[in-house]
Amino acid sequence: MRWLKHDGLTALYDRIKGPGATQDRLAHRLEDIRVAMLDMLGEDGANQFPQVARRIRYSGDALALWYARADLMHALADLYGERVAQTRMVSLSVLFEGMLPKGMASRPTTLRL
């Protein structure tokens with residue numbers, strides 16, 4: 001019953017419903033992350049940094065969106081300042097939980113701002 005430890009009822013539901021349910025859920029989460037990133041950039045940011053908006057819009061998987069965070073951070077720092085950009089990046093990192101390999105997740109920092 002090891003699978004109950006991970007996602008609980010969600011894992012049970014996915015096992016009953018089949019592998020297509022998991023793929024659908026991951027696709028929806030990926031789209032939610034994409035929308036959140038584009039919302040952070042905003043319309044003005046997308047006009048000033050079209051290459052960043054394009055990279056986010058056409059990223060094919062969670063790993064590509066994870067790597068696009070660096071470009072988004074740079075754009076947000078130019079638009080709003082580094083402190084605001086860093087705060088937004090922290091809220092964005094939470095959305096990636098469970099979408100990336102274990103070694104790719106961001107670690108909590110000991111730096112104090």
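## Surroundings of arginine 69

In this predicted model, arginine 69 is in contact (heavy atoms within 4.5 Å) with Met37, Met89, Leu92, Ser93 and Phe96, leaving aside its neighbours within four places in sequence. Arginine 69 lies in helix α5; helices are DSSP runs of H or I with at least four residues, strands are E runs of at least two, and both are numbered from the N terminus.

With a relative accessibility of 16%, arginine 69 counts as buried, a term for under 20% relative accessible area (1.4 Å probe, protein chains only). Between the C-alpha atoms of arginine 69 and methionine 37, which are 32 residues apart along the chain, the separation is 8.2 Å.

## The largest nonpolar core

A nonpolar core is a set of buried Ala, Val, Leu, Ile, Met, Phe, Trp, Tyr and Cys residues joined through side-chain atoms within 4.5 Å. The largest one has 23 residues, and those with the most contacts inside it are Ile33, Met37, Ile56, Leu65, Leu72, Leu92 and Phe96. At least two residues of this core come from each of α3 (19–48), α4 (50–57), α5 (62–80) and α6 (82–95). Helix α5 supplies the largest share, 7 residues.

Beyond its neighbours within four places in sequence, leucine 65 has contacts that include Leu30, Ile33, Met37, Ile56 and Phe96.

## Overall architecture

The protein has 6 helices and 0 strands. Of its 113 residues, 29% count as buried.

## Basis of the values

Residues are numbered from 1 along each chain as its sequence is written. Local features need pLDDT of at least 70, side-chain atom pairs count only at pLDDT 80 or more, and totals for chains, interfaces and linings use all residues, while side-chain values use heavy atoms, with hydrogens and water left out.

Methods:
Buried < 20%, exposed > 50% of the residue type's maximum accessible area, 1.4 Å probe, protein only.
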